[in-house]
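Reader: I would like to learn how to read helix packing and aromatic pairs in a model. Could you take me through them?

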Amino acid sequence: PKLELPEVNLPEKFTQKIITMPEAAQLQFYMGHVGIRRTNPDYYKLLVMDYILGTGPGFTDRLSSRLRDREGLAYTVNANITSSAVREPGTFTCYIGTDKENFARVKKLFLEELNRIRDTKPEAGELEDAKTYLLGSGLMRFGSNGGIADQLLAIERYGLGFDYLEKSQKGIAAVTAEDIQAMAKKYLHPDRMVLTAVGAVDETGKPLKAAPQKQEK
């Protein structure tokens, strides 16, 4: 029988939970909130938004360009709302693995970029780059028997229809800069995120002081 699952709602306000792990070599930082179902009519617009904000190939997305390339805070940094979308809502999740000294800095930069994509339209070049990549990679998913089987499974599971390939290509190609800003305002809520971090930091995110080493006699 079909399970009757409760609705998952956004938190009422920004909340933060830090777990102190003195032996951790790196700070693991996650921030986000409930996302969307795969059948959401805005899925293709959100897919393009993801690739501009935090999932672009070759570290070309905004978060990778800023936190990784310019700020040098981590090798892996991303943000995404579409990859976890299934029959039930997934999550919008920001992630970075960084040094323990960087908690306040990465929190500030993530929130700045989330507000920036809500407040301003993307440039024409970054929009076209994201769309071009997605249109090409979408075709490549049908390039092998295994890929075709995987796509047929998704089509059946989510009721996408056998014209899915044509619809997805048209949907991605039609996305505008105005759509990206509208999607960010509708689905990203920086003031209602849940932040969870684990590492050698205290309950406020400040790095723990290293224990003094014992001198040999």
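Author: Angles under 35 degrees count as roughly parallel, over 145 as roughly antiparallel, 65 to 115 as roughly perpendicular, and the rest as oblique. This is a predicted model, in which local features need pLDDT of at least 70 and side-chain atom pairs count only at pLDDT 80 or more, while totals for chains, interfaces and linings use all residues. Residues are numbered from 1 along each chain as its sequence is written, and side-chain values use heavy atoms, leaving out hydrogens and water.

Reader: How do the axes of helix H4 and helix H6 cross?

Author: The axes of H4 (residues 124-140) and H6 (residues 164-173) cross at roughly 170 degrees and come within 9 Å, and the two helices are therefore roughly antiparallel to each other. On the H4 side, the contact (heavy atoms within 4.5 Å) includes Lys131 and Leu134, and on the H6 side Leu165 and Gln169 are among the residues involved.

Reader: How many aromatic pairs does the structure hold?

Author: Rings of Phe, Tyr and Trp (its six-membered ring) pair if their centres lie within 6.5 Å, and planes under 30 degrees apart count as stacked, over 60 as edge-to-face and the rest as tilted. The structure holds 5 such pairs. The ring centres of Tyr30 and Tyr95 are 4.8 Å apart with planes at 40 degrees, so this pair is tilted.

Reader: Is Tyr95 buried or exposed?

Author: Buried means under 20% relative accessible area, exposed over 50%, and partly exposed in between (1.4 Å probe, protein chains only). Tyr95, with 14%, is buried, whereas Tyr30, at 42%, counts as partly exposed.

Conventions
Axes are lines fitted to C-alpha atoms, for helices over the stretch in contact, and angles run from 0 to 180 degrees between N-to-C directions. Helices (H or I, at least four residues) and strands (E, at least two) are DSSP runs, numbered from the N terminus.
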